[in-house]
Amino acid sequence: YYVGEALDSSGLSLIEYYSDGSTKTITSGFTCSPTTLNNEGVQTITVYYGDKSTSFAVTVEEVTAIEILVGSRPDRIEYFVGETLDTSGLSLIENYNDGNQKTITSGFICNPTTLDSAGTQTITVSYGDKSTSFIVTVKEAAVTEISVQNNPNKTEYFVGETLNTTGLSLKVTYSDGSTKTITSGFTCSPTTLNKVGAQTITVSYSGRTASFNV
């Protein structure tokens with residue numbers, strides 16, 4: 001048995017001995033005590049029939065968890081680098097040595113929670129002294145748009161001069177909705193200013209373009 005189970009007397013039979021030397025097998029009409037097995041270890045069950053009693057022993061084990069498994073993965077399993085894990089929808093199945101199981105929807109710990117590396121990443125879920133895991137996919141956030149945030153300090157030139165990008169900054173928008181200001185890493189075209197008048201300078205960064213005039 002496991003702690004908390006009720007005694008099952010199916011199959012139990014008694015032999016009743018009489019003063020004339022005869023015997024009789026008894027399969028019903030007796031009572032047992034205790035009938036609920038609350039103590040771990042070997043437990044003595046007393047059987048009463050009429051004014052007589054006898055006993056037998058049963059072994060009672062503590063109910064313990066033997067494993068946890070992922071019952072349902074989180075609703076979200078795709079992320080961009082730097083995002084935080086969202087465990088909404090995650091549930092665990094905890095299996096016990098008595099054959100029962102329980103669904104766990106809270107109280108567990110996931111690691112890691114910040115997703116810093118692109119690619120397939122294993123998330124370990126711990127509950128009590130047991131653990132299991134699931135996999136998420138982490139993508140590098142792609143540049144979706146760039147715009148000129150600040151023009152260069154110098155925007156007036158003479159024909160033949162070289163473009164000076166000092167002071168130029170771009171606002172970069174990523175596929176995860178985040179933005180960043182950059183002041184380097186881009187390219188400009190043209191860099192030699194050979195025409196009189198207003199001239200458009202195209203700025204390129206990570207496959208996207210923006211422009212400003214000099």
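Leaving aside residues up to four places away in sequence, Phe186 touches Thr165, Leu168, Leu170, Val203, Ser204 and Tyr205, where contact means heavy atoms within 4.5 Å. Before we go on, a word on the ground rules: this is a predicted model, in which local features need pLDDT of at least 70 and side-chain atom pairs count only at pLDDT 80 or more, while totals for chains, interfaces and linings use all residues. Residues are numbered from 1 along each chain as its sequence is written, and side-chain values use heavy atoms, with hydrogens and water left out.

Back to our phenylalanine. Phe186 belongs to the largest nonpolar core, a set of 18 residues in which Leu170, Phe186 and Tyr205 touch the most other members. A nonpolar core here is a set of buried Ala, Val, Leu, Ile, Met, Phe, Trp, Tyr and Cys residues joined through side-chain atoms within 4.5 Å. Buried means under 20% relative accessible area, exposed over 50%, and partly exposed in between, with a 1.4 Å probe and protein chains only. The elements giving two or more residues to this core are β13 (143-150), β14 (169-174), β17 (200-205) and β18 (208-213). Apart from this core lies another, of 14 residues, including Tyr79, Phe134, Val136 and Val138.

Now zoom out to the whole chain. The protein chain has zero helices and 18 strands; these are DSSP runs numbered from the N terminus, with helices being H or I of at least four residues and strands E of at least two. Along its principal axes, the C-alpha trace spans about 135 × 20 × 20 Å. The radius of gyration is 38 Å, whereas a compact globule of 214 residues would have one near 17 Å; the value is taken over C-alpha atoms, and the globule rule is 2.2 Å times the number of residues to the power 0.38. Of the 214 residues, 28% count as buried.

Next, a look at the strands. An open sheet of four strands has the order β7-β12-β11-β10, with mixed pairing; two strands pair if DSSP finds at least two bridges between them. Its edge strands, each pairing on one side only, are β7 (78-80) and β10 (109-111). Within this sheet, β11 (residues 119-127) and β12 (residues 130-139) pair in the antiparallel sense over nine bridges, and Tyr127 stands opposite Lys130 in β12.

Val42 stands opposite Thr59 in β5. The hairpin of β4 and β5 has two residues between the strands, and Gly50 takes a positive phi near 60° there. β3 also pairs with β4 in the antiparallel sense, over three bridges, with Ser33 opposite Thr46.

Finally, some backbone details to check in your viewer. Most residues other than glycine have a negative phi, and most peptide bonds are trans. Against that background, the peptide bond from Ser33 to Pro34 is cis, with omega near 0°; Pro34 lies in the loop between β3 (31-33) and β4 (41-49). A cis peptide bond also joins Asn111 and Pro112, with omega about 0°, and Pro112 is found in the loop between β10 and β11. Ser206, in the loop between β17 and β18, has a positive phi near 50°.
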